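Me: Could you take a close look at the aromatic pairs in this model and walk me through how the rings sit?

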Amino acid sequence: MKLQVINSPFNEEQVKLLNELLPKLTGEQRIWLNGYLSAPQATINTIAEEVTSTVTPITKTVTILYGSQTGNSQGLAEKYASVLKSNDVDVTVSSLGKFKPNNLKKLTNLLLIVSTHGEGEPPDQAIQFYEFLHSKRAPKLENLHYSVLALGDSSYEFFCKTGKDFDEQFAKLGATQIVPRTECDVDYDDAAAQWFSAVQKELLQQADVVATVEASNQIVLGDSTYSRKNPFYAEVLESINLNGRGSNKETRHIELAIEGANFYFEPGDSIGILPENDEKLVDALLTALQFDPQTEVNVFDEKLSIREALQKKLEITVLSKPLLQKISTYTVHKEFTKLVEDANAWKDYARGRDLLDVAEDFAPFSWNAQQFVELLRKIPARLYSIASSQKANNEEVHLTIGKVSYETNGRQRLGVCSGSITESIQIGDTLPIYVHKNPNFRLPEQQDTPIIMIGAGTGVAPYRAFLEEREELGIEGKAWLIFGDQHFVTDFLYQTDWQRWLASGTLTQMDVAFSRDTDKKIYVQHKIEENAAAFYEWLEQGAVIYVCGDEKMMAADVDATIHRLIEQQGQKTSEEAKAFVNELKQQNRYQRDVY
């Protein structure tokens, strides 16, 4: 019989503990416990004293696993582990890529922090664990208590799908939730802290853990006190257009002064920039919605005019399915309802459009100003790979930013951040920035390990940092760059830097693919195929592969090419080649920074 508060003399907490314990007792343990409880009180006291004098109290144990593509999940895992350790919890922290899935059945308390990558896929380091947990080999987990913190981006259709999948699968395998899953958008700090607070209360049986959670949010990287919530305002020292005259691109090399910021970053890390929306777009949206720009609204515990809120705080340029569904409750426009319900129609409409399109196409709406702003999320920071070595440029950080510009529905559109940087920001202006650590995109620990760097367009930025760092340290290991863009004459980004490093030996080999210079388009994956034997030879020598750039096109094509190359050059089956690539990822020998 299962104990309940109403059918026993125990309180709720005692009933919970007993119901957890009793089903796990062996027959021998039940008999011993029965005799122990039946003994005279003096005997029990004597036994208790003996046990107390000989047994060391057992500390609660917790395992924190993380699956991270850009470092967010890992950062949270390490931060929360530190807090739990300060509360005398025995904590183990591990990447999903390094954790042996069979050890799941040995765990009692598990916290899983995992991001969703691309179109609902697990991060690279989590793929094998994910596949194992969803296979017939996955063990029953009746003794496991777990909770999932899912990170994602609500502008994608499959928001937090990896976290949802893990949560559902743990439940299917018999595990018990410590607290329900929490799903976080790109601005995840507050939601993640609330999840961890709830976890602490359950694990530590503490009524008030707010102070420790808030303290955990003060943990910073290095000595800097600047963060996404408290950015450093960096002066723009230089802004150079890297593209030549006649190019249909505009790529800016930006140099920022960081003296006094106490930033610490490594090649592979990024700088986050907190952007604002274009004033003209905001004014046009307010006119279309017929809102007075000075109407006051409450946004994230601040009272602002709606104009200021839309310009500085809220995202208005991205249409996601969740946002369109929320909007549909405020309009009786039948065409809008059909649009949202059709799986393909809403995607076609949303591509390249913004809230001004919705306001102009589907008015009228029944919302007031406050209801409208409550539909919107905070403007996400924009991350840009650092294109310089801090060892070589201590008081500066360099970025490579490509202008996003296109026309949709008869109106010219600009990227929120790249548009303002290329069109409005002048030398001497400041940008609000912070360092975003990415431990999953790092130069090898053994410095002379060969490296193969693959990137197109602005995806070449981190490799400038890699080579500048290796030059500064005097590293003589082999380095191969495979770079692609549209035209040799106008789009060969950082050409003089690569040539200088080739001459000095810092860069061993370089292959370039300029897709618009020939009748047949040539991309970076074609250069990999042309050099298949050498590429595989470098892998056999222990080389690390890096891929940076567009995920859907370039990175996907490169990945397929690498699998095919390993299959052919290594004389392997497709399954063996897949296993080989997975092993490269496990060993941090295949790292991707894709978006």
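Reply: Let's start in helix 17 (residues 461-473), where Tyr-463 and Phe-466 are 3 residues apart, so about one helical turn separates them. Helices here are DSSP runs of H or I with at least four residues, strands are E runs of at least two, and both are numbered from the N terminus. This is a predicted model, in which local features need pLDDT of at least 70 and side-chain atom pairs count only at pLDDT 80 or more, while totals for chains, interfaces and linings use all residues. Residues are numbered from 1 along each chain as its sequence is written, and side-chain values use heavy atoms, with hydrogens and water left out.

A pair of aromatic rings is described by the distance of the centres and the angle of the planes. Rings of Phe, Tyr and Trp (its six-membered ring) pair if their centres lie within 6.5 Å; planes under 30 degrees apart count as stacked, over 60 as edge-to-face and the rest as tilted. The ring centres of Tyr-463 and Phe-466 are 5.9 Å apart with the planes at 65°, so this pair is edge-to-face. Tyr-463 is buried at 0% relative accessible area, and Phe-466 is buried at 0% too. Buried means under 20% relative accessible area, exposed over 50%, and partly exposed in between (1.4 Å probe, protein chains only).

Searching the whole structure gives 31 aromatic pairs. One of them joins Phe-129 and Phe-166, and that pair is tilted, at 5.7 Å centre to centre and 50° between the planes. Phe-129 belongs to helix 5 (residues 127-133) and Phe-166 to helix 6 (residues 161-172), so the pair ties together parts that are 37 residues apart in sequence. Phe-129 is buried, with 2% relative accessible area, and Phe-166 is buried at 0%. Both rings belong to one aromatic cluster, together with Phe-99, Tyr-130, Tyr-146 and Phe-170.

The charged end of Lys-378 sits over the ring of Phe-300, 4.8 Å from the ring centre, and the charged end of Lys-478 sits over the ring of Trp-538, 4.2 Å from the centre. For this, NZ of Lys or CZ of Arg has to be within 6 Å of the ring centre and within 35 degrees of the ring normal.
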